[in-house]
Each structure stands twice: as C-alpha cells, then as structure tokens.
Amino acid sequence: MKEQIVETITFPHEEWVAIRSREGKLMSIKPIAGSWTLLAAEDRMQLAKKRCYVKGLIACPNCQKASFLPETFDPPKELGDGKPPCEYKCTCGLVCRIILKDWDRRKLYCACYEIIQGKNIEPHKQYFHAITEDEAHHYFWAQHRPDITHLVGIGPVIGFFAEDKDAKRLIV
Ligand SMILES: [Zn+2]
C-alpha cells in the first residue's frame with residue numbers, strides 16, 4: 001500500500017457575496033477560494049424546501065469550486081480550531097485535511113425586525129451565526145439595508161442548542 005501524505009489546510013471563515021432577487025431570494029453566491037461560509041437561516045429554509053439541506057459552503061483553494069457543508073455537518077467541536085480535521089476531496093484532484101477556522105467560536109444570533117407591507121407591520125425573525133454582536137449587526141445590515149422598517153434588536157440566542165449525549169452532537 002502506498003502511503004499518502006495528506007496536507008492539512010486551514011480554511012478561514014468569510015462572508016461570500018450573495019446575489020439576491022428583489023424579493024431577497026438567494027440567486028447565487030460567489031465563492032472565495034480557500035474559505036468557508038455559513039448560509040443565512042432564511043436561505044437554508046429556502047433550500048430545504050427544495051430538499052437541499054445545506055448549512056454552509058466551502059471553496060476549494062485550487063479551483064474555487066464550492067462544495068456543500070450539509071445541515072448534518074456538526075458537531076462544530078470536531079472541526080473547529082485545533083480539533084482533528086476531516087478529509088476534503090475536490091473534483092480537481094485536491095485531497096487534503098481541513099480545519100474550519102472559527103467554526104465553534106460562532107454563536108447563534110437572532111434579529112427581530114419589522115417590515116411595512118401596505119398598511120400592516122409584519123414582524124420577522126432571522127437566525128444567523130456571528131462571533132460578536134458587532135459582527136452580527138454588520139452581517140444583518142449587509143443583507144437587509146433597504147427593506148427594514150424597524151430593527152427591534154439583535155441578540156445571542158440562549159438555550160437554542162441541546163446536547164444529545166448519545167449521538168455526541170448538537171441538535172438545533
Ligand atoms: Zn478544486
């Protein structure tokens with residue numbers, strides 16, 4: 001048997017630029033080679049309707065091709081900084097072990113906001129991940145600027161994750 005030396009590559013987290021329709025629907029997303037990104041909760045719900053269960057994306061450092069990080073891609077602890085990395089294979093032939101930087105430092109935040117629809121005020125909620133509250137605000141406004149009537153607040157979600165001891169993973 002041939003021994004294969006597999007390189008370990010650390011992928012930093014980046015916010016990839018999303019192209020959206022006027023209704024805010026995710027049309028496409030521009031990968032940043034050698035990085036990973038999380039999808040917004042609304043995008044994930046949208047994709048789940050098409051039976052596409054995607055939590056985030058990762059882009060090959062060689063060819064920039066994006067691959068899915070499925071919803072089942074947990075626990076973060078196994079893939080965060082300094083943890084045993086998992087294997088990554090790309091169609092371009094790259095095989096490496098990956099560490100997703102900042103994966104387990106990111107907290108779940110929830111933004112509550114209102115949008116005026118005709119004469120009605122519609123309350124909305126959006127869940128997303130961020131490291132700090134500042135980053136959460138930045139991320140929120142990068143996505144929503146024109147359509148928000150009133151931002152009620154953004155805060156960390158407490159008690160959203162439950163630990164399943166048998167499966168050794170986090171359940172949302
Ligand atoms: Zn590739």
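This is a predicted model: local features need pLDDT of at least 70, side-chain atom pairs count only at pLDDT 80 or more; totals for chains, interfaces and linings use all residues.
## Model confidence and overall composition

The chain has an average pLDDT of 79, and 81% of its residues score at least 70. Among the elements, strand S5 stands highest, at a mean of 91, whereas strand S13 (residues 169-171) stands lowest, at 39. Over residues 160-172 the pLDDT is below 50. In the model, that stretch makes 13 contacts beyond near neighbours in sequence.

Three helices and 13 strands are assigned in the chain. Of its 172 residues, 15% are buried. Of the contacts between residues at least 6 apart in sequence, 49% join residues at least 24 apart.

The antiparallel pairing of S4 with strand S5 (residues 54-59) runs over three bridges. Within this pairing, Leu 38 has Gly 56 of S5 as its bridge partner. S5 is also the element of highest mean confidence in the chain.

## The sheet S10-S9-S11

A further open sheet of three strands has the order S10-S9-S11, and its pairing is likewise antiparallel. Its edges are strand S10 (120-130) and strand S11 (150-156), each of which pairs on one side only. Neighbouring strands in this sheet are turned against each other by 15° on average, with direction ignored.

Strand S9 (residues 107-117) and S10 pair in the antiparallel sense over 11 bridges. Along this pairing, Cys 112 stands opposite Lys 125 in S10, and Gln 117 has Asn 120 in S10 as its bridge partner. S9 and S10 form a hairpin with two residues between the strands. In this hairpin, Gly 118 adopts a positive phi near 65°.

## Nonpolar cores

The largest nonpolar core contains 10 residues: Phe 11, Ile 32, Trp 36, Ile 58, Ala 59, Cys 60, Ala 66, Leu 69, Leu 100 and Trp 103. The elements that contribute two or more residues to this core are S5 and S6. Apart from this core lies another, of eight residues, which include Ala 111, Ala 130, Phe 140 and Ile 154.

Cys 60 is a member of the largest core. Leaving aside neighbours within four places in sequence, Cys 60 is in contact with Ala 33, Lys 65, Cys 90, Cys 92 and Leu 94.

## Positive phi outside glycine

Arg 51 has a positive phi, near 60°, and is located in the loop between helix H1 (41-49) and S5. Arg 51 counts as exposed because it has 6 C-beta neighbours inside 10 Å, and a residue with 12 or fewer is classed in this way.

Gln 64 also has a positive phi, of about 70°, although it is not a glycine. Its position is in the loop between S5 and S6. Is Gln 64 buried, exposed or partly exposed? Gln 64 counts as partly exposed because 14 C-beta neighbours lie inside 10 Å, a count between the limit of 12 or fewer for exposed residues and that of 20 or more for buried ones.

## Thr 149 and its surroundings

Thr 149 is placed in the loop between helix H3 (133-144) and S11. Thr 149 has 12 C-beta neighbours inside 10 Å and therefore counts as exposed; the class extends to counts of 12 or fewer.

Which residues does Thr 149 touch, not counting those up to four places away in sequence? They are Glu 114, Ile 115, Ile 116 and Ile 121. The C-alpha atoms of Thr 149 and Ile 115 are 4.8 Å apart in space, although the two residues are 34 apart in sequence.

How values were computed
Residues are numbered from 1 along each chain as its sequence is written. Two strands pair if DSSP finds at least two bridges between them. Helices (H or I, at least four residues) and strands (E, at least two) are DSSP runs, numbered from the N terminus. pLDDT is the predictor's confidence in each residue, from 0 to 100. Two residues are in contact if their C-beta atoms, placed from the backbone, lie within 7 Å. Axes are lines fitted to C-alpha atoms, for helices over the stretch in contact, and angles run from 0 to 180 degrees between N-to-C directions. A nonpolar core is a set of buried Ala, Val, Leu, Ile, Met, Phe, Trp, Tyr and Cys residues joined through C-beta atoms within 7 Å.
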